[in-house]
Amino acid sequence: MALTFFFLFFFSHLLSSNSGQSAPMESVPDLQNTMYTDVDGFPCVRLLSLSGTIGCSNPGRDKVVAPIVRFEDVDHVSELSSILVSFDEFPAFFARLSDDPSFASKVGGVLVEPVIDSQKKLNGFSPDKKFPQAEFAPYHNISYEWNPIGSDIMWKSYNFPVFLLTESGAKILQEFVLKSKDKKEAYTANVAEFDLVMQTMKSGTHDSESCLKEGTCLPLGGYSVWSSLPPINVSSLKPPKPIILTVASMDSASFFRDKSLGADSPISGLIALLAAADALSRLDGLGGLSKQLVFVVFTGEAWGYLGSRRFLVELDEHSDAVHGLNHSLIEKVFEIGSVGKGLNQGAKNYFAHAEGDSSATNQIMAALKHAQESLPSEDINIASASVSNPGIPPSSLMTFLNKNPKVSGVVLEDFDSSFVNKFYRSHLDDLSNVNSSAVVAAASLVARTLYILASETDDVQNSTLAAINVNVSLVEQLMGCLLDCDPGLSCELVKKYISPASTCASNYVGVILDEPSSTPYQGYINDVPRFIWNFLADITSIPTENNGSDCQQGCSGSNEICIKAETDGKGVCTLSTTRYVPAYSTRLKFESGVWSILPPNASDNMGVVDPVWTESNWNSLGIRVYTVQTAAYDWVVLFGGIALTILAYLAIAVTRTLVAKATKRD
């Protein structure tokens with residue numbers, strides 16, 4: 001009887017636990033899908049430098065499994081827990097983490113709920129430092145606060161996993177917790193399982209030098225893009241023209257690796273550069289200008305100015321990646337920084353940051369003023385940055401100044417003495433944080449300034465400048481393609497040039513997957529640089545006799561390149577000087593399939609302080625939630641089973657004795 005009762009109890013409990021399931025379970029995957037729920041999220045991952053680690057990882061080689069507890073309820077538990085944090089509580093969570101060791105000992109993992117209501121972002125959040133990348137500044141006042149709201153949390157190391165939930169992931173988790181709460185028994189617990197095991201944690205290689213030797217990490221990097229307008233004829237016998245170098249960045253960073261949009265900082269500047277180049281490309285007679293216009297879009301700038309530093313090294317080495325350029329020809333550097341928040345009460349306000357006071361810098365300032373005056377209906381204000389600033393803000397121009405302090409350059413920004421972007425290097429620096437009219441105005445200002453600087457005459461007439469008009473529709477398209485998931489990289493503009501690997505752009509620099517090259521394998525280049533390369537190659541090209549021919553038989557001209565090859569498998573040959581430039585640390589060398597770290601060069605100030613960032617390898621990243629029995633219940637079941645076994649044995653022994661006696665009597 002006891003055994004019968006036990007099995008009846010077990011099966012009735014099993015049936016009741018599955019009574020809410022409408023679909024029958026016919027296989028092991030069906031059972032797994034019933035038991036486990038996958039939750040989508042953006043991970044904080046482990047990064048390494050020469051001095052140690054930053055970012056997040058499971059503490060060991062195993063997955064982390066811990067019960068889900070809301071941040072406000074953590075004080076009521078004593079065990080390792082998965083902390084569910086609303087984004088409003090995120091800063092308070094990290095503040096308590098550093099101040100309260102007993103609290104820190106309870107953190108097994110962190111689930112961060114996304115911000116749904118944009119109004120909640122008004123107070124701001126920046127996980128970067130108050131002076132981002134201060135060690136690379138070409139001046140001594142590195143305690144200055146360009147980013148007063150900076151919390152510095154993205155530069156610290158955490159031995160627990162952290163995931164920012166997607167909106168769908170947060171909804172799934174909420175439904176799971178609510179559903180489990182309705183059915184919850186006293187002996188069950190809702191747990192989260194984190195799979196964020198970094199290979200550097202497995203092998204104990206906890207810095208860039210050791211992990212590169214063991215092959216458990218890869219260096220941060222990618223490919224920058226440069227293009228000239230008009231194309232440079234490298235075979236011409238005429239002396240080369242001085243270069244006006246226009247610079248922007250395409251990469252950002254955040255606490256969460258794949259949520260690094262950087263809408264205002266720096267993508268608004270990138271979009272302004274592309275729109276300015278497009279406006280200038282529609283002018284006739286650019287070949288007659290006295291200066292050569294060159295546009296460069298760097299990547300890796302958020303991680304030690306990898307792109308700009310490597311670009312200058314390639315120039316020194318006269319590599320194929322910069323064929324047609326010469327360091328001595330660069331006359332002026334004009335950088336477009338953050339311009340997406342330049343709108344204030346209908347007026348567009350921008351500030352020109354310069355280092356030193358040279359005649360060439362004054363020429364840039366004069367050209368900016370002239371361009372402003374040629375746009376009276378746009379209500380644009382351009383001013384020199386405050387003289388109380390210690391120097392230029394964090395920017396690629398710092399690289400050029402460290403290389404040559406006499407370089408004449410200006411950085412155009414939407415702020416004066418401190419960032420107006422309250423979400424610098426945050427996943428919240430998204431499309432809602434920038435204004436398209438501010439980007440259009442900045443692009444118009446840049447396009448006309450460049451024409452003035454490159455012109456043969458000192459007095460360019462406003463009637464001439466009036467022909468330089470930015471395509472407003474292009475700016476809005478670029479913002480939708482690069483800063484939103486709808487349409488995102490599936491927009492018509494991007495699909496005209498490439499076949500994107502994903503819909504949502506991530507402006508995280510990524511890692512170098514193979515030997516750096518001026519003609520890299522396209523599969524190793526991220527979507528955004530591939531699009532920028534094709535876009536610039538297209539708009540800066542000039543017609544040729546074979547213009548429009550496909551690339552299946554190769555392009556005949558030495559200066560011809562193949563664009564749009566991804567869209568139809570054929571591509572189009574066009575005459576354009578557009579190139580990829582590898583972007584990775586100048587302290588790294590790739591030889592025989594292995595990365596090695598070079599000793600610091602005393603003449604390279606930025607190389608001496610270069611952290612040499614790398615990213616840990618991993619097998620998989622993910623979170624899932626499910627319900628488990630508590631340990632107390634397991635003990636009850638164990639002792640109950642033992643007791644039931646003893647009782648069953650006694651019952652069998654007694655029954656056998658009684659049966660034996662009855663048999664003897666018979």
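Reader: How do the residues of the lining of the largest cavity divide into nonpolar, polar and charged?
Author: This is a predicted model, in which local features need pLDDT of at least 70, side-chain atom pairs count only at pLDDT 80 or more, and totals for chains, interfaces and linings use all residues. Residues are numbered from 1 along each chain as its sequence is written, and side-chain values use heavy atoms, with hydrogens and water left out. The lining of the largest cavity divides into eight nonpolar, seven polar and five charged residues, where Ala, Val, Leu, Ile, Met, Phe, Trp, Tyr, Cys and Pro count as nonpolar, Asp, Glu, Lys and Arg as charged, and the others, Gly among them, as polar.

Reader: And which residues lie nearest its centre?
Author: Of the 20 residues that line the largest cavity, Pro266, Pro394, Ser395, Tyr424 and Arg425 lie nearest the centre. Helix H8 (263–281), strand S15 (330–336) and strand S19 (409–413) are the elements that give two or more residues to this lining; helices (H or I, at least four residues) and strands (E, at least two) are DSSP runs, numbered from the N terminus.

Reader: How much space lies in that largest cavity?
Author: About 260 Å³ lies in the largest cavity, a volume being the space filled by probe spheres set on grid points that are joined across faces, edges and corners. On a 1 Å grid over the protein atoms alone, a cavity is a set of points where a 1.4 Å probe fits but cannot get out, a pocket is an open set with protein on both sides within 12 Å along at least five of seven lines, and lining residues have an atom within 4 Å of a point.

Reader: What about the second largest cavity, what volume of space lies there?
Author: The second largest cavity holds about 140 Å³ of space, and among the 15 residues of its lining, Val45, Leu47, Ser254, Phe255 and Trp303 are the closest to the centre. That lining has eleven nonpolar residues, three polar and one charged.

Reader: Switching to pockets, which element gives the largest share of the lining of the second largest pocket?
Author: Helix H16 (527–539) gives the largest share, four residues. The second largest pocket has a volume of about 1,200 Å³, and Asp258, Leu261, Cys504, Ala505 and Ser506 lie nearest its centre among the 50 lining residues.

Reader: Now the strands: why is S22 largely enclosed by the rest of the structure?
Author: Six of the six residues of strand S22 (residues 578–583) are buried, so S22 is largely enclosed by the rest of the structure; buried means under 20% relative accessible area, exposed over 50%, and partly exposed in between (1.4 Å probe, protein chains only). Thr578, Tyr580 and Pro582 are buried on one side, and Arg579, Val581 and Ala583 on the other.

Reader: In what sense does it pair with S12, and over how many bridges?
Author: Strand S12 (residues 222–229) and S22 pair in the antiparallel sense over six bridges, with serine 224 opposite valine 581; two strands pair if DSSP finds at least two bridges between them.

Reader: Last topic: which element has the lowest mean pLDDT?
Author: Helix H1 (residues 2–17) has the lowest mean, 44, whereas strand S14 (residues 292–298) has the highest, 98; pLDDT is the predictor's confidence in each residue, from 0 to 100. The chain averages 88, and 90% of the residues score at least 70.
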